[in-house]
Amino acid sequence: MIAIIFAAGIGSRLKPFTDFHPKALAPLGGKAALVRVTEKLIDAGARRIIVNVHHFPKQIIDCLDSLPYSDLIEISDESALLLDTGGALAKIARESEFFATAETNEPIVVHNADIYTDFPIGEMISAFETSGADATILVNPHRESTRHFLFSANGCLRGWENTAKGIVKPHNIGDTAKLTRAAFGGVHVLSRSSIDTISESAPKTLAPFSITDWYIDNCDKNDIRAFVPAHSYNWHDIGSPEKLAAAQACFR
């Protein structure tokens with residue numbers, strides 16, 4: 001597999017740390033969060049890893065260069081313009097040498113650098129390959145959130161809602177009471193062709209857009225499946241000082 005790590009975020013909620021450092025380098029048990037994600041992906045069989053950068057990019061590049069497997073890592077530089085998750089994938093599809101080597105049926109694992117989780121990635125990849133889906137996304141039907149993906153009974157994505165703002169997408173979704181709500185976990189597995197399609201749908205001059213929006217707008221044309229790990233696991237969003245402290249407690 002090839003892996004992509006989103007590490008470009010500014011991390012405004014994680015100040016004051018992010019006044020001087022990228023969020024991806026927040027410490028977790030003596031290692032940067034980004035390093036923990038790269039180790040997890042290498043252990044799962046990643047043969048190449050692409051990392052996007054924007055905020056304090058040199059700090060991330062220096063960190064990755066110090067790793068014993070640095071030759072397996074490629075940088076997608078967004079220093080000039082932060083492209084959000086969808087735009088980041090489009091740029092990688094168009095410009096990455098590593099992505100160009102991906103085989104037609106090779107799974108592409110996409111992981112947020114600010115998510116710490118220890119569920120077995122291999123199980124998610126197997127579920128993706130067995131299903132024949134265009135994309136598989138990690139979700140939790142039990143985690144409290146104001147934002148949820150909405151899935152049919154067979155686990156296919158049908159829409160999205162923000163309960164705090166009373167927003168439901170797409171507008172013609174119908175009766176949402178029949179759908180299963182689940183919070184997104186920041187990990188995806190996509191086919192190479194799906195990422196190529198995302199790139200093709202983006203404007204010639206890249207602009208920021210969210211992969212979440214792309215999923216919602218295209219779930220009627222693409223097979224996007226939920227993945228819920230079979231066993232309990234740790235999951236932390238390290239996007240604020242309080243959440244980072246909760247994640248750090250896992251290592252004490």
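Helices (H or I, at least four residues) and strands (E, at least two) are taken here as DSSP runs, numbered from the N terminus. The model is a predicted one, in which local features need pLDDT of at least 70 and side-chain atom pairs count only at pLDDT 80 or more, while totals for chains, interfaces and linings use all residues. Residues are numbered from 1 along each chain as its sequence is written, and side-chain values use heavy atoms, with hydrogens and water left out.

Strand β6, which covers residues 108–112, includes Asn 112. With a relative accessible area of 19%, Asn 112 is buried, a word that stands for under 20% relative accessible area (1.4 Å probe, protein chains only). Leaving aside residues up to four places away in sequence, Asn 112 touches Phe 6, Val 37 and Gly 186, where contact means heavy atoms within 4.5 Å.

Elsewhere, strand β4 (residues 48–53) pairs with strand β5 (residues 73–77) in the parallel sense over five bridges, and pairing requires that DSSP finds at least two bridges between two strands. In this pair, Ile 49 stands opposite Ile 73 in β5.

Turning to two helices, the axes of α3 (residues 84–95) and α6 (residues 192–201) come within 8 Å and cross at roughly 105°, which means that α3 is roughly perpendicular to α6, a term for angles of 65 to 115 degrees. These axes are lines fitted to C-alpha atoms over the stretch in contact, with angles running from 0 to 180 degrees between N-to-C directions. On the α3 side, Gly 86, Leu 89, Ala 90, Ala 93 and Arg 94 meet Ile 195, Asp 196, Ile 198 and Ser 199 in α6.

Key:
Parallel < 35°, antiparallel > 145°, perpendicular 65-115°, else oblique. Buried < 20%, exposed > 50% of the residue type's maximum accessible area, 1.4 Å probe, protein only.
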